[in-house]
Amino acid sequence: MAMTVVAILAGIAIPKAGDLIKRARAAVVASEIRAVRDAVAVYYVDSLSYPPTAALGQMPPALEPYIGGQVAFIQSGYQLQYNNWTVHWSMPGYPSTLSIIGVTVHTDDARLGQLVMQVLSSTPHFQWGENYTFIVVGL
């Protein structure tokens, strides 16, 4: 009888603990994305430009002094990618190009991606397969 009660309690507690761990990891990912956003803003003030796109899992070298050790672009279960997209357009009163800066989270864990989207729900974002991109400058 006691073993049955323990098994039932474990069956309830283990999934809850797993979800709590994913929520905590999502909060860390969101914090890393915010740190990149803040570093990009300070970098822009200093240089009036944005660093170019970096490879998956690589911090743009220009941002290293602004981020320091706050963000690791390769973590267990996900990788970050810094993106700098240039949009060309012709509209009176607007610059001819616009930079859009995004941070993409690459993960096989759909639940982690969904939780990060929940945490950063006020940040423009989109999902493409197992990639979750957050626009930190430009929209």
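Aspartate 109 and lysine 22 form a salt bridge whose closest N and O atoms are 2.3 Å apart, a salt bridge being a side-chain nitrogen of Lys or Arg within 4 Å of a carboxyl oxygen of Asp or Glu. The pair links distant parts of the chain, since aspartate 109 sits in the loop between strand 3 (97–106) and helix 3 while lysine 22 belongs to helix 1, 87 residues apart; helices (H or I, at least four residues) and strands (E, at least two) are DSSP runs, numbered from the N terminus. The model is a predicted one, in which local features need pLDDT of at least 70 and side-chain atom pairs count only at pLDDT 80 or more, whereas totals for chains, interfaces and linings use all residues. Residues are numbered from 1 along each chain as its sequence is written, and side-chain values use heavy atoms, with hydrogens and water left out.

The structure holds four salt bridges. One of them joins aspartate 19 to arginine 111, with the closest N and O atoms 3.3 Å apart. Because aspartate 19 lies in helix 1 (residues 2–47) and arginine 111 in helix 3 (residues 110–119), this pair ties together parts that are 92 residues apart in sequence. Aspartate 19, at 24% relative accessibility, is partly exposed, and arginine 111 is partly exposed as well, with a relative accessible area of 29%. A further salt bridge is formed by the side chains of aspartate 38 and arginine 37, at 3.1 Å from N to O. Aspartate 38 is partly exposed at 41%, and arginine 37 counts as partly exposed at 32% relative accessibility. Through salt bridges that share partners, Asp19, Arg23 and Arg111 are joined into one network.

A search of the whole structure finds two aromatic pairs, where rings of Phe, Tyr and Trp (its six-membered ring) pair if their centres lie within 6.5 Å, with planes under 30 degrees apart counted as stacked, over 60 as edge-to-face and the rest as tilted. Tyrosine 43 and tyrosine 66 make an edge-to-face pair, with 5.5 Å from centre to centre and 85 degrees between the planes. Since tyrosine 43 lies in helix 1 and tyrosine 66 in helix 2 (residues 64–67), this pair ties together parts that are 23 residues apart in sequence. Tyrosine 43 counts as buried at 14% relative accessibility, whereas tyrosine 66 is partly exposed, with a relative accessible area of 27%. The rings of tyrosine 44 and tyrosine 50 have their centres 4.6 Å apart and their planes at 25 degrees, so this pair is stacked. Tyrosine 44 is partly exposed at 32% relative accessibility, as is tyrosine 50 at 21%.

We turn next to the strands. Strand 1 (residues 74–75) and strand 2 (residues 78–88) pair in the antiparallel sense over two bridges, and two strands pair if DSSP finds at least two bridges between them. Glutamine 75 has tyrosine 78 of strand 2 as its bridge partner. In the hairpin of strand 1 and strand 2, with two residues between the strands, glycine 77 takes a positive phi near 95 degrees. Strand 2 is joined to strand 3 by ten bridges, the two running antiparallel; asparagine 83 stands opposite glycine 102 in strand 3, and threonine 86 has serine 99 as its bridge partner in that strand. Strand 3 is also joined to strand 5, antiparallel, by six bridges, with glycine 102 standing opposite isoleucine 135 in strand 5.

Strand 3 is mostly covered, with seven of its ten residues buried. In soluble globular proteins, nonpolar side chains tend to be buried together. The largest nonpolar core has 29 residues, and those with the most contacts inside it are Ile33, Val36, Leu63, Val105, Val116 and Phe134; such a core is a set of buried Ala, Val, Leu, Ile, Met, Phe, Trp, Tyr and Cys residues joined through side-chain atoms within 4.5 Å. The elements that give two or more residues to this core are helix 1, strand 2, strand 3, helix 3 and strand 5 (131–137), and helix 1 gives the most, with nine residues. Isoleucine 33 touches Val103, Val105, Val116, Leu120, Phe134 and Val136, not counting residues up to four places away in sequence, where contact means heavy atoms within 4.5 Å.

Key: Buried means under 20% relative accessible area, exposed over 50%, partly exposed in between (1.4 Å probe, protein chains only).
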